[in-house]
Each structure stands twice: as C-alpha cells, then as structure tokens.
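Here's a quick briefing to read alongside the model.

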Amino acid sequence: MASSSFAVFAAQASCWLLLLSHSVSGWSDAGATWYGPRIGGGSDGGACGYQRDVESPPFSAMITAGGPSLYKNGKGCGACYQVRCSSNAACSGRPVTVVVTDQCPGGPCLAEATHFDLSGKAFGALAKPGQADNLRNVGNIKVQYNRVPCHWRGVAFRVDAGSNPNYLAVLIEYESGDGDLQAVELQQRGGRWVPMQQSWGAVWKYQAGSTLQAPMSIRLTSSSGRKLVATNVIPSGWQAGKTYRSIHK
C-alpha cells in the first residue's frame with residue numbers, strides 16, 4: 001500500500017483497480033457458491049455498504065460475499081483474492097480476482113473454514129469459454145484461493161447521509177495494498193489523531209460532542225499494520241452524501 005504524498009480531490013470520477021501480479025499468501029483450499037443474478041453482482045450492495053458501486057468499475061460485479069473468516073465482522077471488506085477451480089470439467093483452472101463486498105452468514109459459509117459466495121459473474125468467470133452456465137448449474141464447488149494486494153488509484157470517502165456538524169460517518173472504498181481496514185483515525189484541523197469506531201461493514205464513525213473542525217484528515221491502518229494518510233480529505237464546507245477522494249500524485 002502506498003503511503004507517499006496525496007493530493008485531495010472532491011470528485012465523482014471512477015477509480016480503476018490494478019492488481020499486482022504477486023501474491024501475499026500461498027494457495028489454500030476453500031468452497032465456493034454463487035448468489036444473485038447469473039451474470040450480476042450478487043445482492044444490491046451487500047453488508048460492506050458499497051451499494052450499487054459493486055456493479056460499476058472498478059468492482060464491475062467481480063465480487064464475493066465471504067464467510068466469517070473472510071468477512072471478519074466487516075474488517076475484511078475490500079480485501080482482494082484470486083480464486084481458481086479445477087474440481088469440475090467446466091473449470092478453466094485460471095484464477096480470477098474478486099473483492100470482498102458482502103457477508104455470507106449461513107449455510108455452506110459456516111460449514112467450511114473458508115467459503116466464497118461469489119457473484120454470478122465471478123463464478124461464471126471460473127469456467128472454460130462457453131461453460132459458465134454449466135458451472136453455475138453445479139452450484140457448489142471446491143476452489144483454491146490466494147490473497148493478493150489491491151492497487152487503487154486513490155481512496156474514496158463517502159460521507160454518510162446521517163452525518164452532521166458534530167458527527168461524521170464515512171464509507172471507505174478503494175484502499176490500496178491489503179484493501180481491508182483494521183483501524184481508522186480522524187484528525188481535525190489543528191487537533192490530534194483520535195480513533196474512529198467501525199459502525200458496520202466499511203463504514204466508520206466519529207461522534208465529536210462539539211462542532212467538527214474541518215478540513216479533516218483520515219489515517220487508515222490495514223490488517224498488516226500498513227498506514228495510509230489522506231491529508232485534509234474532508235474539506236471545509238463538507239456535505240453529507242458527498243464523496244471525497246485522496247488521489248495519488
């Protein structure tokens with residue numbers, strides 16, 4: 001994950017995902033199912049809070065709901081994995097990359113130590129050309145998975161509609177490197193770093209008790225301990241419902 005200087009933008013343009021070619025772990029065994037439309041992005045948004053972003057670039061419906069070991073009570077949101085299958089004649093054996101955007105709370109997701117409930121599109125992408133529907137018809141397969149780093153061209157902070165001058169909640173998307181979040185901190189203008197609390201999924205909140213002093217910076221810590229600082233990313237005059245981005249120079 002990059003931690004070099006950032007330029008701050010309030011923009012709505014899409015960021016694009018670049019996946020680094022090397023892995024951060026070895027291949028391991030897991031189970032996989034699929035949910036939602038056959039060529040869609042699973043449910044409408046999912047338990048991470050990304051909403052309709054899961055259908056659009058850079059996610060592009062190549063997403064997965066995770067069992068407990070992947071979703072991690074929401075702290076696994078945004079992590080990237082390669083998944084491949086060879087257990088069925090329709091499997092291509094070629095890995096595809098998916099992002100955790102949802103939770104799979106029951107059924108086979110609890111029966112196995114690691115389980116991917118893939119979008120219909122991602123599940124079909126595991127198949128040989130012309131075999132996607134045949135593989136989806138199988139429904140439940142054995143796969144191998146590999147954690148990989150994500151490389152995004154910036155971090156997005158969508159200010160929750162319930163935010164007000166004394167309370168800030170943000171949905172955090174597109175964190176480079178590990179992709180997931182272990183801790184989030186906020187720094188008001190002229191202040192010190194204070195911890196934010198995970199509200200749910202990839203939404204983190206801070207109750208100030210007094211008027212928040214903008215511009216505000218946000219510091220992200222991933223599961224490996226890597227830190228990223230988005231300096232002054234929440235500007236003066238910030239508004240609930242808007243998205244603010246910190247973009248690599």
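Is Ser-60 buried, exposed or partly exposed? Ser-60 counts as partly exposed, with a relative accessible area of 23% (buried means under 20%, exposed over 50%, and partly exposed in between, with a 1.4 Å probe and protein chains only).

This is a predicted model, so local features need pLDDT of at least 70 and side-chain atom pairs count only at pLDDT 80 or more, while totals for chains, interfaces and linings use all residues. Residues are numbered from 1 along each chain as its sequence is written, and side-chain values use heavy atoms, with hydrogens and water left out.

- Most residues other than glycine have a negative phi, and most peptide bonds are trans.
- Ser-60 has a positive phi, near 55°, without being a glycine, and sits in the loop between S3 and S4 (strands are DSSP runs of E with at least two residues, helices are runs of H or I with at least four, and both are numbered from the N terminus).
- That loop between S3 and S4 also holds Pro-58, and the peptide bond from Pro-57 to Pro-58 is cis, with omega near 10°.
- Another cis peptide bond links Ala-214 to Pro-215, with omega about 5°; Pro-215 is in the loop between S15 and S16.
- Asn-232 is not a glycine either, yet has a positive phi of about 55°.
- Asn-232 belongs to strand S17 and is partly exposed at 36% relative accessibility.

**Strand pairing**

- S12 and S16 pair antiparallel over five bridges (to count as paired, two strands need at least two bridges found by DSSP), and Leu-186 has Ile-218 in S16 as its bridge partner.
- S16 (residues 216–221) also runs antiparallel to S17 (residues 227–234), again joined by five bridges.
- S16 and S17 make a hairpin with five residues between them, and Gly-225 in the turn has a positive phi of about 90°.
- S12 is joined to S13 (residues 193–195) by three bridges, and the two run antiparallel.
- Glu-185 pairs with Pro-195 in S13.
- S12 and S13 form a hairpin too, with five residues between them and a positive phi of about 75° at Gly-190 in the turn.

**Salt bridges**

- Side chains of opposite charge can pair when their charged atoms come close.
- The structure has seven salt bridges (each a side-chain nitrogen of Lys or Arg within 4 Å of a carboxyl oxygen of Asp or Glu).
- In one of them, Arg-158 meets Asp-53, with the closest N and O atoms 2.5 Å apart.
- That pair links distant parts of the chain, 105 residues apart: Arg-158 is in strand S10 (residues 155–159), and Asp-53 is in the loop between S3 (28–35) and S4 (63–66).
- Arg-158 is buried, at a relative accessible area of 17%.
- Arg-158 also forms a salt bridge with Glu-173, at 3.5 Å from N to O.
- Here the partners are 15 residues apart, Arg-158 in S10 and Glu-173 in S11, and Glu-173 is buried at 4% relative accessible area.
- Arg-147 and Asp-180 form a further salt bridge, their closest N and O atoms being 3.2 Å apart.
- Arg-147 is in strand S8 (residues 141–148) and Asp-180 in the loop between S11 (167–173) and S12 (183–187), 33 residues apart.
- Both ends are buried, Arg-147 with a relative accessible area of 12% and Asp-180 with 1%.

**A contact across the chain**

- Gln-207 lies in strand S15 (residues 203–207) and is exposed, at 54% relative accessibility.
- The C-alpha atoms of Gln-207 and Asn-166 are 6.4 Å apart, although 41 residues separate them along the chain.
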